[in-house]
Amino acid sequence: MPDHVYQKIELTGSSAVSIEAAIENAVAKAGETIKTLRWFEVVETRGHIDNGKVAHWQVTIKVGYTLP
């Protein structure tokens, strides 16, 4: 197995549905241009409250990918 070099980027995904959907939205969007995504780590989670209920999620992640 060859040695790899990785790069990390930070993304913030959002969703009105769930934390998981916010993460998936960010990963999917990055995957449109970066084909070698390998892992992610959640670094921040926050949300918006409207009328006493969670209305929206925002999740900041760091995504690692291999360099060619």
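## Surface and burial

The accessible surface of the protein comes to about 4900 Å², and carbon and sulfur atoms hold 53% of that area; the areas come from the Shrake-Rupley method with a 1.4 Å probe, and for residues only the protein chains shown count as cover. Of the 68 residues, 24% count as buried, where buried means under 20% relative accessible area, exposed means over 50%, and partly exposed lies in between (1.4 Å probe, protein chains only).

This is a predicted model, in which local features need pLDDT of at least 70 and side-chain atom pairs count only at pLDDT 80 or more, while totals for chains, interfaces and linings use all residues. Residues are numbered from 1 along each chain as its sequence is written, and side-chain values use heavy atoms, with hydrogens and water left out.

## Fold and overall dimensions

Helices (H or I, at least four residues) and strands (E, at least two) are DSSP runs numbered from the N terminus, whereas the radius of gyration is taken over C-alpha atoms and the globule rule is 2.2 Å times the number of residues to the power 0.38.

Taken along the principal axes, the C-alpha atoms fill a box of roughly 55 × 20 × 15 Å. Among the contacts with a separation of 6 or more, 60% are between residues 24 or more positions apart, a contact being heavy atoms within 4.5 Å.

## Charges and salt bridges

The protein carries 7 positive and 8 negative side chains, and the centres of the two sets lie 3 Å apart. In this count Lys and Arg are positive and Asp and Glu negative, with His and the chain ends not counted, and the place of each charge is NZ of Lys, CZ of Arg, CG of Asp or CD of Glu. Side chains of opposite charge can pair when their charged atoms come close. There are three salt bridges, each defined as a side-chain nitrogen of Lys or Arg within 4 Å of a carboxyl oxygen of Asp or Glu.

One of them joins the side chains of Glu41 and Lys8 at 4.0 Å, N to O. This pair links distant parts of the chain, with Glu41 in strand β2 (residues 37-50) and Lys8 in strand β1 (residues 6-15), 33 residues apart. Glu41 is partly exposed at 33% relative accessible area, and Lys8 is likewise partly exposed at 45%. Glu44 forms a salt bridge with Arg46, their closest N and O atoms being 2.5 Å apart; Glu44 is partly exposed at 41%, as is Arg46 at 31%. Glu32 and Lys29 meet in a salt bridge at 3.4 Å, N to O, and both residues are exposed.

## Two residues in the strands

His48 lies in strand β2 and is partly exposed, with 47% relative accessibility. Leaving aside neighbours within four places in sequence, His48 is in contact with Lys53, Val54, Ala55 and His56. The C-alpha atoms of His48 and Ala16, which are 32 residues apart along the chain, are separated by 9.3 Å.

Thr66 belongs to strand β3 (residues 53-66) and counts as buried, at 7% relative accessibility. Not counting residues up to four places away in sequence, Thr66 touches His4, Val5, Tyr6, Thr36 and Arg38.
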